[in-house]
Amino acid sequence: MSAENAESDENVPAGAPSRQPHHQPRVLETTRLRLRPWRDTDAPGPGEGPDRDSLRFMPAGAQPGPDDFPHWLARRRREMDTGADLHWCIADITSDTMLGNVQIFRMGAADGRFQGELGYWLRPGARGCGIIAEALGPVIDHALKPAENGGLGLIRLHAATDSQNYASQSILRSAGFTQWGADHRAWRRADGSLCDGTYFELLAGELPDDGQQHGYSPVTAARSPARLDCGRVRLRPWSEKDLPRLVEGLADWMSGSVDELTARRWLARRRPPQQDPQLASWCIADRSTDEALGNIDVFDTGRPVLPDGCELGYWTHPDSRGRGYMTEALRRLLPHLLGSTESGGLGLRRVTAGTSEANVVSQSVMRAAGLRQWGTAPRASVAPDGSSLSQLHFAVLADDLSMALERGFGVEPVTLEGTGVRLRPWRPTDAERVAQACSDERTQRWLGRSLPSPYTLTHAHSYIASRGGEAGEGKPLSWCVADTETDLCLGSVAVTDVRHAMGTAGEIGYWAHPDARGRGVMSEAVRLAVRHAFIPREDGGLGQERLQLIAAEGNTASQHVARVNGFVEVGRDRRAEPLGDGTFADLVRFDLLVDQWPVDG
């Protein structure tokens, strides 16, 4: 009898009575994973036990460490002996390495069961790769399949999670679960603090009635990706001749060593006869040389939570970045995905994508391709150093694609970190500081023509509300200049005429709160804004060639900021600036070209 189908008395802790083989979960497989019974050899290694997030969001003992694994496994087996619980070890299908656990528990006796609770965890090093989402598909199918067809015969699955465990909530929603309730301060964490609980459910009747595995759709039947040409690139299927470039691209994307065998497995998943029916992949190739430049994956078509939709994933070969290839490829592919089947498209209604808050390059690419950010999931992804990052969600609808591509130059402020200052999006809580700054006598003198007087809190709220909308329309891109330690608003910096500035020219504008003057705050803020403006769009910037800056004669502080950032005085407009006291001043004009930047110091 194999290890997957039997348990010997050698695995029973000393002193425990001998017993019959316990209820073993059925082995289930996906493209990357094997879900199988736990073994004595699956103990986590050093550093693979519960980490800070595990201890924060899960009950003590739910996830084992190296020392308590034997006790944890013995308890899980006793629970499965009752027939009410099943625990699968999530293992890598190639190496069989333990990655985590998924369980259905509290099902009750087999002859009367109708529902069960879903639970899961991953060892820290396995997070952020979509493993739980992939594992839940076959588990859910098995749980809700009628018993006469080999399933568990449940009609309802439910799950509960900490109200601040946004990653787990996102996983459940993506798997088709619906939140049905919440408890206020009803859960006690391991540190003794109280938190809200959120509750989700999935009913058997909510699954697609098409005889396919959970999450699959007829739309995603395996097919060879259509060949699509545009400008400098061609979108085509991957081939054997692409292997050397594929190995290099995957190694960079996965941040690790990749051999040819791994690349072949990756390729097999995208080609018949092993093609994943939920996945279509395009090789982005140079239209002249046919050399592979990158990859676009279209996956998760037909999920219950995303009917007639799909999600995008992509990467660029390291030697092909910064040239606009990915933006060009996506702007060609999106009309194909969202086009009608009669016109040769896939007939989808919605395309989504997600990226980390730290990946400003990917954010820029998506916005340039016509997608718009619709939400943020805090602490939903993991940085290489193990810290938690927010996940940003983007989407475009078929009905909105043409308009989105036309206004694709609309941008939104990304957070930029500098020495002592941070450029971030505006928040309603900044209103009081805005009102203070704009009521200041010095601000009123130099910006008087554009500021109401008196400047009220209502004006400040209106100013903040207008910043985001203007950026999305390709107008001023405005940041709040904030202190890196306190996050207190210190001023404003903006790049105006963004639509016109894409590839040509824009203008820098700024003001400082009175208590931030004389400390180099605005010089550093303008340095960050200039840097972002000159970085190519494909690398996350605005891709501008020229910036101008205008300061009134006599405003020596503003002119100093221009000069220390490398701006050169190029002329003046005489008596062109009306001041707050009713007089007029000359406007001194400065500019800075991209090939003159960066400036030393």
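**Ring contacts, cysteines and a strand hairpin**

Arg 350 lies over the face of Trp 374, 5.7 Å from the ring centre; such a contact needs NZ of Lys or CZ of Arg within 6 Å of the ring centre and within 35 degrees of the ring normal. The model is predicted, so local features need pLDDT of at least 70 and side-chain atom pairs pLDDT 80 or more, while totals for chains, interfaces and linings use all residues. Residues are numbered from 1 along each chain as its sequence is written, and side-chain values use heavy atoms, leaving out hydrogens and water.

**Aromatic rings**
- The count is 14 aromatic pairs (Phe, Tyr and Trp rings, the last by its six-membered ring, with centres within 6.5 Å; planes under 30 degrees apart are stacked, over 60 edge-to-face, the rest tilted).
- Trp 38 and Phe 69 make a tilted pair, 5.9 Å centre to centre with 50° between the planes.
- Trp 38 is in the loop between strand E2 (33-36) and helix H1 (52-57) and Phe 69 is in helix H2 (residues 69-81), so their pair ties together parts 31 residues apart in sequence (helices, H or I, of at least four residues and strands, E, of at least two are DSSP runs numbered from the N terminus).
- Trp 38, Phe 69, Trp 72 and Trp 121 form one aromatic cluster.
- The charged end of Arg 270 sits over the ring of Trp 266, 3.7 Å from its centre.

**Cysteines**
- Zero disulfides are found in the whole structure (cysteine sulfur atoms within 2.5 Å).
- The sulfur of Cys 489 is 3.7 Å from its closest cysteine sulfur, in Cys 480, too far for a bond.

**Strands**
- Three bridges join antiparallel strands E9 (residues 228-230) and E10 (residues 233-236) (pairing needs at least two DSSP bridges).
- Gly 231, in the hairpin of E9 and E10, takes a positive phi near 45°.
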